Amino acid sequence: MLARLVGLLAALTIALSWGAVAVAAPGAGPVTGAGDTAPVTTASMLPLQQTEAPDDAEETQQPEEPAELLRGTLRGPDRQPLSGLTITVTRDGEEVGSTVTDDQGQWEVGLPGPGTYAVGYDPAELPEGVVPREEGGEQLQGVVVRPGAAQGVIFQLAGDGEGEGVPGGGSGAGAAGPTLLSKVAQLLVEGIKFGAIIAITSVGLSLVFGTTRLINFAHGEFVTIGAVVAFFASTGGPLPLVLGAVVAIAFAAALAGGLELSVWRPMRRRSTGLIQMFIVAIGLSLVLRHLVLVVFGSRRRQYDEFTLQPAWDLGLVRITPRDLVITVLAFLVMVLVAVMLQRTRTGKAMRAVNDNQDLARASGIDVERVVMVVWLVGGGLAGLGGVLYGLTQAIYPEMGFTLLLLMFAGVILGGIGSAYGAMIGSLAIGVISQLSTLWFPASLQFMWALLAMILVLLFRPQGILGRRERIG
Amino acid sequence: MDLLAILSNSVRGAFGPEAAIYALAAIGLNIHFGYTGLLNFGQVGFMLVGAYGTAVPVVAWGWPLWAGVLVGVLCAVLLALLLGFPTLRLRGDYLAIATIAAAEVLRYLYRSSWAEPLTGGVFGLKQFAGGFYAFNPYSGPLDLGWLTFSPRALWVMTVGWGAAFLAAGLVALLIHSPWGRVLRSVREDEQAARSLGKNVFAYKMQSLVLGGVMGALAGALIGINSQALNPDSFMPIITFYLWTIMILGGASRVLAPIVGSVVFWFLLTFLDSALRQAIGTGLVPASVLVASDIGAVRFAAVGLGLMLLMMFRPAGLMGDQKELRLDVR
C-alpha cells in the first residue's frame with residue numbers, strides 16, 4: 001500500500017510540476033473570447049463566461065462579484081488588438097457608461113444593475129480596411145445581463161472586402177454559397193476533419209479497453225492536457241506550435257504511463273473490480289480537469305499561430321490550409337497506427353492481448369509491457385488530438401470531457417475494443433454531428449452524435465466491427 | 001484564521017438545504033446502484049426533468065406549484081422508461097455511458113433554442129416557487145448565536161430533510177419486502193434470479209423508475225430552493241457528487257446517503273471556507289491560488305476523495321464490504 005501511495009504521489013507531482021512550469025511561463029498569451037472559429041451561431045455575440053455553472057446552488061453565503069459589468073476584447077481580422085476605440089453602453093437610449101479599449105484591445109464597463117443593454121462603438125474609429133463583419137454590426141442591441149454577471153460581448157470584425165467569407169471551423173454552410181450540394185459537401189469536409197480528430201483520440205480509449213477492460217473515463221483529460229501543454233509551450237512560451245505539439249504529445253504519453261504505473265497496475269494486481277476501477281477513473285478525471293482549470297483558467301483561448309488563414313476555394317468546398325493539414329495529418333496518424341497494429345511485433349502483441357489475454361500470456365507475451373505501450377501510444381495520440389482540436393476550435397478545460405462523450409459514441413458505434421472500429425465510428429460521429437447542422441441548430445450538434453450512440457446500443461450493441469459477445 | 005466562522009459555515013453546509021436535496025437524490029441513486037447494481041451515471045438527468053417539470057407548468061401555463069411537482073415526477077417516470085428500454089439489457093458499463101450521455105442530451109435539449117419558449121434556453125427560469133414559500137410556517141430566523149438560518153432556508157430544510165427521511169423509510173420498508181430481496185438478488189447474480197423465474201428486466205425497470213422519481217423530487221427542490229433554474233447547473237459533475245455521497249456513506253445502506261451527504265457537505269464547506277480565509281489572510285499567497293480558483297480546487301478534492309475512497313475503502317463509512325461486490329458481470 002505504501003508503494004502505491006508513493007506512486008500516486010509521483011503522478012501528482014508530474015501534474016503539479018507541470019502546473020508550476022505553466023504558472024512560471026509569464027504572460028499566458030492573448031486571451032480571446034469564445035473564438036470566432038468556433039461554430040458561431042447567427043447572433044454575433046456569445047456569453048463569454050457562464051459563471052461556474054454547477055455550484056450556483058450554494059452561492060448564497062458570499063456573493064463574490066456583486067456588480068454587473070460588460071466586457072470584451074476588440075480584435076481586428078488579423079487578431080491584432082484594437083486600442084483606443086470608444087465603447088458606449090446605453091439602456092433605453094440613455095447612456096450608461098463608456099470606455100476606451102486599452103492597448104490589449106480590452107474594455108470593461110460597469111453597469112447599474114441587471115437588464116438589457118445596447119453596446120456599440122463608432123465605426124469611424126476603426127483602422128483602415130477594417131469593417132464590421134455584418135451590416136450594422138457596430139451596434140449590438142438586446143444584450144441581456146443577468147444579476148451578478150460579467151457579460152462578455154464580441155464584436156465581429158472583418159477585413160474590408162473579406163465580407164462573410166472569413167474562414168471558420170464550424171458553420172461553413174453560410175459561406176460556401178447557397179446550393180444544397182455545396183452545403184452538404186462543405187459540412188462533409190468539416191465532419192471528416194472533426195471525426196478524424198475524434199478518431200485519433202479515441203484509438204487509445206478503445207485499445208486501453210481492449211487490453212485491460214478498463215473504461216478510462218480520464219482519457220478526455222489527456223486531450224485537454226495535451227492542448228494546454230502545447231499552449232503554454234508555444235503561445236505562452238518560446239517554442240513554435242509544431243514543437244509545442246511534440247512536447248504536448250510527450251507529456252500526455254508520460255502522464256498516461258505514469259498513471260498506469262501508479263494507479264492502474266497496482267489495482268489490477270489486487271484484481272480490483274472493473275466498476276471500482278471505472279469509478280476511480282471518474283475521480284481521476286475530476287482531479288485532472290480541475291487542476292487544469294486552476295492552472296489555465298476557465299476562459300477559452302487560442303493558439304496564436306495558424307489562427308486566421310484565407311480559405312482555398314476548391315470549387316465545391318472551401319478549406320483553409322490549416323484544416324487541410326490537420327485532416328491529412330490525422331489520417332496519416334491513423335494509417336501509422338494501423339501499420340503498427342498489423343506489422344510490428346508490439347502491434348501484433350496488442351491485438352493478441354486484446355483477443356485473449358490469458359492465451360497471449362501463455363504464449364510468452366509480456367502483457368504488462370504491452371499494456372504500458374498501449375497507454376503510452378493512447379496518451380500521446382490523445383495529446384496530439386487535443387492540439388488539433390484546440391487549433392480548430394479553442395482550448396478550454398472542459399474540452400476533453402466534451403470530446404470524451406463523442407469518443408465514447410465513436411468507440412461504441414465502431415465496436416468497443418477494436419482500434420479500427422474506433423476510427424470508423426469516430427469518423428461517422430464527426431460527420432453526423434456536422435451534417436445535423438444542415439437541418440437543426442448548431443448548439444444541438446453533439447446531441448445527435450450522442451443519440452446515435454444510444455440508437456446503436458439499442459440495435460447493434462457490439463457496434464459495426466465489434467466482436468459478438470454477450471454484453472447484455 | 002477565524003476557526004469559529006469556518007466551523008459555523010461547515011455546519012450550515014452540512015445541514016443546509018443543499019445537503020438535504022443531495023441526500024434525497026443520493027437515496028434514489030442508492031436504489032439504482034446500491035440495491036439493484038445499476039450503474040446510473042445520469043441521475044442529474046432525472047433531476048433536470050424534475051426541476052423543469054416543476055417550473056415550466058408554473059411559468060408557462062400558470063399552474064399551481066404542486067401540479068408542477070407532479071408533472072416533474074411524471075417526466076422522470078417517462079425518462080426512466082425511455083432510458084431503460086434500450087439500456088437495461090446491456091452490461092453495466094454500457095449502461096453507465098448511455099446514462100451519462102442521456103443526461104447530457106437532455107441538457108443540450110433544454111438549453112437549445114428549440115426549447116427556449118418553455119425552458120428559457122440558456123437564461124433559464126426564475127421566480128416560480130412563490131406557492132411554496134406562501135406556506136412557510138417559520139416567521140423568524142433560527143439563531144443559535146454562532147449559526148443562523150433564515151426562515152426561508154428553514155422551510156426548505158424542513159421539507160428537504162423530511163422528504164429525505166421519508167424516502168429512506170420507504171426504502172427500508174421496500175428493501176425488507178420480498179420485492180427488495182429480488183432486487184438484491186438481481187444485483188448479486190442476475191442469472192440466478194432469472195433462473196428462479198424472476199423477470200429481471202422488470203425489476204430493474206421498477207428500480208430505475210423509483211430512484212429516478214426521487215431524483216426528480218430532489219431536482220424540484222433545487223429549483224424551489226434557488227428560485228432560478230438554468231440547464232447548465234445540471235452538469236454531469238452533480239452525478240459524480242451524488243456518487244461520492246453514496247459511496248462515502250456506504251452503498252446499499254438505508255441511511256448511508258443521508259450520513260454521506262451531511263459528512264460530504266461538512267467537508268466540502270469546510271475546505272471552501274478554510275481556503276477562502278487562508279487566501280483572504282494571505283496564508284496562501286495569491287501566486288498559488290486566488291479566490292476564483294476555490295471552486296476548481298473543491299471539485300478536484302471531490303475527485304481525489306472519490307478515487308481514494310474507491311481504492312481503499314469502497315464500503316464507505318457504514319457499508320459492509322461483503323454485502324456489495326463491485327464487479328461487472
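Modeller: Gln127(B) sits in the loop between β1 (125-126) and α7 (130-133) of chain B; helices here are DSSP runs of H or I with at least four residues, strands are runs of E with at least two, and both are numbered from the N terminus. The model is predicted, so local features need pLDDT of at least 70 and side-chain atom pairs count only at pLDDT 80 or more, while totals for chains, interfaces and linings use all residues. Residues are numbered from 1 along each chain as its sequence is written, and chains are lettered from A and ligands numbered from 1 in the order in which they are written.

The phi of Gln127(B) is near 50°, which is positive although the residue is not glycine. Most residues other than glycine have a negative phi. Gln127(B) counts as exposed because it has 10 C-beta neighbours inside 10 Å; the cut-offs are 12 or fewer other C-beta atoms within 10 Å for exposed, 20 or more for buried, and anything in between for partly exposed, with C-beta atoms placed from the backbone.

With 15 other C-beta atoms within 10 Å, Arg213(A) is partly exposed.

A buried position in chain B is Ala102(B), which has 24 other C-beta atoms within 10 Å. Ala102(B) belongs to helix α5 (residues 92-111) of chain B. Gln43(B) is 59 residues away from Ala102(B) along the chain, and the two C-alpha atoms are 9.9 Å apart. Neighbours within four places in sequence aside, Ala102(B) is in contact with Gly42(B), Gly45(B) and Leu83(B), and with Ile454(A) from the other chain; a contact is a pair of C-beta atoms, placed from the backbone, within 7 Å.

Ile454(A) is one of the residues through which α12(A) meets α5(B). The axes of these two helices come within 9 Å and cross at roughly 145°; axes are lines fitted to C-alpha atoms over the stretch in contact, with angles from 0 to 180 degrees between N-to-C directions. The crossing is left-handed, that is, the near helix is turned anticlockwise from the far one by less than a right angle. On the α12(A) side the contact includes Phe446(A), Met447(A) and Leu450(A), and on the α5(B) side it includes Tyr94(B), Ala98(B) and Glu104(B). By class, this contact has 14 nonpolar, no polar and one charged residue; Ala, Val, Leu, Ile, Met, Phe, Trp, Tyr, Cys and Pro count as nonpolar, Asp, Glu, Lys and Arg as charged, and the others, Gly among them, as polar.

Across the two chains, the contact takes 45 residues from chain A and 52 residues from chain B. On the chain A side, α5 (274-296), α10 (399-414) and α12 (445-459) each supply at least two residues. The largest share, 15 residues, comes from α5(A). That side of chain A divides into 32 nonpolar, eight polar and five charged residues.

Within chain A, α10(A) also packs against α2(A), at an angle of about 75° and with the axes 9 Å apart. That makes α2(A) roughly perpendicular to α10(A), since 65 to 115 degrees counts as roughly perpendicular, under 35 as roughly parallel, over 145 as roughly antiparallel and the rest as oblique. Among the residues in this contact are Ile198(A), Thr201(A) and Leu205(A) of α2(A), and Leu403(A), Met407(A) and Val411(A) of α10(A). The classes here are seven nonpolar, four polar and no charged residues.

Back in chain B, helix α12 (residues 236-249) and helix α14 (residues 294-312) have axes that come within 10 Å and cross at roughly 40°. That makes α12(B) oblique to α14(B), and the crossing is left-handed. Phe240(B), Trp243(B) and Ile247(B) are among the α12(B) residues that meet α14(B), where the partners include Phe299(B), Leu306(B) and Met310(B).

As for chain A overall, it has twelve helices and eleven strands, and 49% of its 472 residues are buried.
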